[in-house]
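Please read each point alongside the coordinates.

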Amino acid sequence: MLYINNLTKNYGKFTAVDNLSLHVPEGDLFGFVGPNGAGKTTTIRIVCGLLKASGGTVQIGDTKAAVGSKEMKRMIGYVPDFFGVYDNLKVKEYMDMYGSMYGMLSSDIAKLTDDLLELVNLTDKKEFYVDTLSRGMKQRLCVARALLHNPKLLILDEPNSGLDPRARVEMKELLKNLHSMGKTIVISSHILSELSEMCDSIGIMNKGKLITAGRIENIMQQAAGGKKIHVRVASEMEPVVRMMKEEAGVVVDSVRENELIITHSGTEEAVCELIGRMIQNKVLLTGFYQEEGNLESLFMQLTGGKN
Amino acid sequence: MKIRLNPIVRKDLQVAARSMKLSWGVFLYDLVLVLTFLLAMAIIQSEVGSVYSRDNIYSYLVYLFPVLAIVQIGIVALIVPIITSSSISGEKERQTFDIMLTTCLSPLRIVWGKVLSGVLRILFYVVAGMPILAISFVVGGMSWANLFYYLVALTLFAIFSGSIGVMCSAMSRRSITAVIRSFVVYFVIYGLTFLPSLIRMIYGMDAGESFLFYLFNPGVFFEEFFMQIMTGQSLFDGNNISSSDVGFFTGLLSNGTLWMFISGACIILMTVVFLLVAAWMINPMHSYAGRKRRKKKKGTE
Ligand SMILES: Nc1ncnc2c1ncn2[C@@H]1O[C@H](COP(=O)(O)OP(=O)(O)OP(=O)(O)O)[C@@H](O)[C@H]1O
Ligand SMILES: [Mg+2]
């Protein structure tokens, strides 16, 4: 659906986006993650035709439309990270204005506005002035606005910034809803765990480079690379520690009174065999569990390591 | 069939109509016109009273029209750049401009929409002031055609001023900077076009072709316009300048009507250039727009 090839953006000598290549499949909810200054906004602005790339191409679907062309703009709905609204303009007029900017007829816009406002849960605000809406409402209104011309691709730049927890949940529900309707959605965020529950695939970016991208399950597995395992025993600790140290591919991370944390870099079967051997050695095993692939620590590891 | 108004014009007018600024604007505008009218009437009355009875008050009332019209032009010249200067920079300040650029509106239509909404807003004022102007006009005995020409010229002039405002707005991040830049451009156009002839005069040279620069000066255009309406003569007639002094091309233009047409064309040409420059500057696909944003980042960090 969205193909980004070797995208580069230089500001003078500074490279904000460095040879970025990315593919977002149709119908995916794609999470674009990276710390401040990673180049997410820059990438998104280039895709939306608000910034000229220094190199590389962007393609949507199989059309040959150039970035910034009308054809391309028609395929994208963009919700910026920061945006303002007009004073003295009502919600329905706001929608009407943007609709007519896409050359739509007022009667069509009015019909769509009703549907979209219902979708974003703002039906009762239709006659309100946009500048009187709360931040969360404005954000949802902006999503409704971005959907007005029925774009193939919806791009949201940090839609959760500045929202309270409740508004975040509402935003997430809205995105899930849109996702289930089959829209292709790209959403950027600083926070990986925020995306991991709803995204199909993610890309992690740092300092202008794409560090990793792929299906969320694969990334999770990558995160689990060395499995962290908690071992609880009721018997003496020392023999267990000794045994662990002799095991191949096992590193003892920490030892507590009756708990041991190890990192196991072997396969699932190797882990099972380890359990078997412990029982054979008369270890009184009371607990044995593997930590979930910790995305946040993977994220820190990936984005922090190259300082 | 419904006329599709430029969406920007519709929105701007809608928003403007709801703000108190428009009402106050019309109020002040009419107030200035009325005061000018009353002042002019008072002067005329005292003149007529003091002169022997042969003097007909109507021969003085004729001058009401140019006086009021010039005041009106002056107000338009001041207000239109101020309104339009904040148009694009105002959208940038309000952070609504990016979204506008991602819609299917082309930069040229955005620019044109902004000019048009400024011009229409000033036309509200002009229409509101029409009755006062009409009195001076009827009492003074002008022809209807002249009123029509005047309105056309005024509208074109408003578009011209608006295009300067929008161009400066497109190159500025802050509205206040845009206003200042607009008046600088104004000064350049109004002042510098006089410069060549002034220099020649100071050095005691013939005017040569230096009057041709006046073609680009809307001030001279209106001067010529009222000259012709009031006296039927042209500024550049043999009566007013000695034809031996001027160069060949200027000599060709000593017909006032021809002069006005060519001057009008020059002003329209400048307007088109300003609009194209503005459209070029807000187009993100040109490097200028990117440079602007970078300055902004540095400013806010
Ligand atoms: N106009 C500009 N001129 C110079 N540098 C810029 C400009 N815009 C962005 N940058 C730089 O490019 C880098 C990437 O910025 P970008 O806004 O894309 O990051 P981001 O991933 O969106 O960060 P955040 O999470 O803070 O929004 C930053 O280092 C920023 O300073
Ligand atoms: Mg950003």
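The numbered points below take up the conventions, the fold of one chain, the ligand site and two selected residues.

1. Conventions. This is a predicted model, in which local features need pLDDT of at least 70 and side-chain atom pairs count only at pLDDT 80 or more, while totals for chains, interfaces and linings use all residues. Residues are numbered from 1 along each chain as its sequence is written, chains are lettered from A and ligands numbered from 1 in the order in which they are written, and side-chain values use heavy atoms, with hydrogens and water left out.

2. Secondary structure of chain B. Chain B contains 13 helices and zero strands. Helices (H or I, at least four residues) and strands (E, at least two) are DSSP runs, numbered from the N terminus.

3. Of its 301 residues, 48% are buried, where buried means under 20% relative accessible area, exposed over 50%, and partly exposed in between (1.4 Å probe, protein chains only). Contact means heavy atoms within 4.5 Å. Among contacts in chain B between residues at least 6 apart in sequence, 76% join residues at least 24 apart. Chain B exposes about 15,000 Å², and carbon and sulfur atoms supply 70% of that area; accessible areas come from the Shrake-Rupley method with a 1.4 Å probe, and for residues only the protein chains shown count as cover.

4. Helix α1 of chain B. The twelve residues of this helix (residues 7-18) should span 16 Å at 1.5 Å a residue, and the end C-alpha atoms are 17 Å apart, which agrees. The expected span is 1.5 Å times one less than the number of residues. B:N6 caps the N-terminal end of the helix, with a side-chain oxygen 3.0 Å from the backbone nitrogen of B:I8. The buried residues of α1(B) include B:I8, B:V9, B:L13 and also B:K11 and B:D12.

5. Surroundings of ligand 1. Residues from chains A and B surround ligand 1, so the site is shared between chains. A residue is near a molecule or strand if one of its heavy atoms lies within 4 Å of it. Of the 16 residues around ligand 1, those that come nearest are A:N36, A:K40, A:T41, A:T42 and A:H190. The shell has five nonpolar, six polar and five charged residues; Ala, Val, Leu, Ile, Met, Phe, Trp, Tyr, Cys and Pro count as nonpolar, Asp, Glu, Lys and Arg as charged, and the others, Gly among them, as polar.

6. A nitrogen atom of ligand 1 is 3.3 Å from a side-chain N or O atom of A:Y11. An oxygen atom of the ligand lies 2.9 Å from a backbone N or O atom of A:G39, and an oxygen atom is 2.8 Å from a side-chain N or O atom of A:K40. Taken alone, ligand 1 exposes 630 Å², of which the protein buries 81%.

7. B:L154. Where does B:L154 lie? B:L154 belongs to helix α7 (residues 144-170) of chain B, and B:L154 counts as buried at 1% relative accessibility. Not counting residues up to four places away in sequence, B:L154 touches B:Q72, B:I73, B:V76, B:V126 and B:F222.

8. A:S201. This residue lies in strand β8 (residues 201-206) of chain A and is buried, at 4% relative accessibility. The side chain of A:S201 makes a polar contact of 2.8 Å with the side chain of A:D28.

Terms used:
Polar contact = N/O pair within 3.5 Å; in protein donor to acceptor, adjacent residues only side chain to side chain.
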